[in-house]
Amino acid sequence: MVKENYNNVIYQFLYALCVLVPFLNIYELTFFVWFLTALVTISNRYSLGIIKIIACFSVILFTAFVASFYNSESTYNFFRDIAYFLKPIIGLLVGYQLYKRCQDKFFQTVIYTGVFLSVIHLAIVLITFLRFRTISVNLLREFCGYHSDYEVYVLVILLFYKKFEINWSSKKVMIYIFLVALSSFLYLSRTNFIELIIFYIALKGYFVINKKSLIVVSSMLLFVLLGYTAVYQSNPQRSGKGIEAFLYKIKNAPIEPFKTKINKEDWKDFNDNYRSYENILTVKQVANDGTSAIVFGKGLGATINLGRKIWTNDGEFIQYIPILHNGFATVFLKAGIFGVFFLVLSIVLIGRPKKSSFISVQNINLLLIGTAIFLIVSNWVFMGLYLKLDNKSILLGFMICYREYLMKQEREQNRESKVLK
């Protein structure tokens with residue numbers, strides 16, 4: 001028993017390490033830690049469900065690999081893309097394998113990791129405030145982080161802790177909710193706010209189509225539309241400070257990914273709609289290479305010529321970019337429409353519910369449905385599971401294995417009840 005508990009602590013630590021390491025923004029370190037963890041926790045058995053999801057990402061990688069032989073790209077970009085395209089595969093395996101090693105510790109592991117991450121973030125916010133004697137949207141995002149999808153997962157689990165049958169005191173849960181909610185808010189990430197709304201609707205069961213869900217979702221959409229109209233009419237300025245700067249980002253959010261005409265000589269128009277600029281160039285430059293590039297992509301190492309040098313968050317001036325903000329566009333560049341199909345298929349497979357009479361399984365199903373819907377947004381604006389700062393694939397693998405563990409328990413109970421009868 002002591003040895004088993006010791007092993008559980010070790011694997012829980014590895015889980016926390018794999019979740020936390022991407023925040024250091026050193027992809028080589030993230031890849032090393034994840035790959036090493038995948039090796040030391042390798043399993044001799046995997047479910048068909050996780051194999052199907054991993055197969056989708058493997059097909060994308062293989063398609064891009066083959067397509068690269070028909071295009072001459074730099075060796076460095078080629079191998080870097082291999083590492084990036086392996087990321088969701090390794091992440092899913094790590095999460096899946098780690099849960100098999102520390103069963104019955106799902107919520108403790110997930111929540112304690114999230115709370116620790118929130119405390120670290122809040123400490124960084126405090127240090128930033130003490131350093132500059134002020135706080136602003138730009139300071140928060142530049143020095144404290146741009147977003148944290150993981151903390152939103154933890155927050156929504158805590159908000160619905162009774163649904164997940166977590167037997168903790170309400171006082172303990174409320175303290176954790178306060179810490180994680182405050183930390184999540186201070187990222188001032190539009191995507192995280194959207195994520196929280198999607199997960200809340202999902203766990204309320206409103207994505208399961210019926211009369212009530214249609215009324216609720218329609219009402220929510222109307223509320224969001226009215227809220228956005230109010231923000232738009234208030235006309236927050238780009239040069240505004242504090243909350244005005246944040247409202248300006250909200251005002252620009254629905255326009256930025258979909259704008260079709262951008263004046264790259266106007267720095268305001270270029271910066272505010274940069275994601276659309278990337279997408280426009282990607283479609284044009286891939287299409288210029290003919291039908292085979294459209295269908296199967298330009299391969300690993302392929303880049304997009306921005307036509308000018310830009311300053312990146314990594315502190316570099318670059319003109320040829322190998323990775324875009326948009327996950328769908330990046331996969332289209334490397335693996336074409338064929339690859340995009342399998343990316344969409346992976347999202348469908350993640351969101352496909354499993355039949356069960358267990359309440360916990362049903363609620364994990366709802367959270368995975370919400371995840372699938374959010375992945376559409378995440379891939380559109382933040383590269384989805386391919387983002388180098390992203391750790392959702394770890395949690396997804398962990399969650400999928402947890403659901404399978406619960407369903408195995410259900411099958412065993414059903415067999416026992418049949419024997420007794």
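Phe 31 is partly exposed in this predicted model, with a relative accessibility of 23%. Its ring is paired on two sides of the sequence, and I shall take the two pairs in turn. With Phe 35, the ring centres of Phe 31 lie 5.9 Å apart and the planes meet at 5°, so this pair is stacked. Phe 35 is likewise partly exposed, at 40% relative accessibility.

Tyr 27, however, is buried, at 8% relative accessible area.

These pairs belong to a total of 32 aromatic pairs in the model. Elsewhere, ring pairs join residues into a cluster, whose members are Tyr 15, Tyr 99, Phe 106, Phe 107, Tyr 150, Phe 164, Phe 398, Tyr 402 and Tyr 405.

Aromatic rings also meet charges. Lys 172 lies over the face of Trp 168, at 4.2 Å from the ring centre. The charged end of Lys 100 sits over the ring of Tyr 46, at 6.0 Å from the centre of that ring.

What classes of residue make up the lining of the second largest pocket? There are 11 nonpolar, 9 charged and 3 polar residues.

Four helices each supply at least two residues of that lining: helix 3 (48-67), helix 4 (75-101), helix 15 (327-351) and helix 17 (392-420). Helix 17 gives the largest share, with 8 residues.

I turn now to the salt bridges. How many salt bridges does the count come to? The count is 4. One of them is formed by the side chains of Lys 334 and Asp 81, at 2.6 Å from N to O. This pair links distant parts of the chain, with Lys 334 in helix 15 and Asp 81 in helix 4, 253 residues apart. Are the two partners buried or exposed? Lys 334 has 0% relative accessibility and therefore counts as buried. Asp 81 is buried as well, also at 0%.

A second example joins Asp 390 and Lys 392, whose closest N and O atoms are 2.4 Å apart. Asp 390 is buried, at 2% relative accessibility, and Lys 392 is buried too, at 1%. Salt bridges with shared partners connect Asp 149, Asp 390 and Lys 392 into one network.

Finally, the side chains of Asp 289 and Lys 298 form a salt bridge at 3.5 Å, N to O. In this pair, Asp 289 is partly exposed, with a relative accessibility of 37%, whereas Lys 298 is buried, at 10%. The cut-off for buried is under 20% relative accessible area, so Lys 298 falls within the buried class at its 10%.

How values were computed
Residues are numbered from 1 along each chain as its sequence is written. This is a predicted model: local features need pLDDT of at least 70, side-chain atom pairs count only at pLDDT 80 or more; totals for chains, interfaces and linings use all residues. Side-chain values use heavy atoms; hydrogens and water are left out. Ala, Val, Leu, Ile, Met, Phe, Trp, Tyr, Cys and Pro count as nonpolar, Asp, Glu, Lys and Arg as charged, and the others, Gly among them, as polar. Buried means under 20% relative accessible area, exposed over 50%, partly exposed in between (1.4 Å probe, protein chains only). Rings of Phe, Tyr and Trp (its six-membered ring) pair if their centres lie within 6.5 Å; planes under 30 degrees apart count as stacked, over 60 as edge-to-face and the rest as tilted. A charge sits over a ring if NZ of Lys or CZ of Arg is within 6 Å of the ring centre and within 35 degrees of the ring normal.
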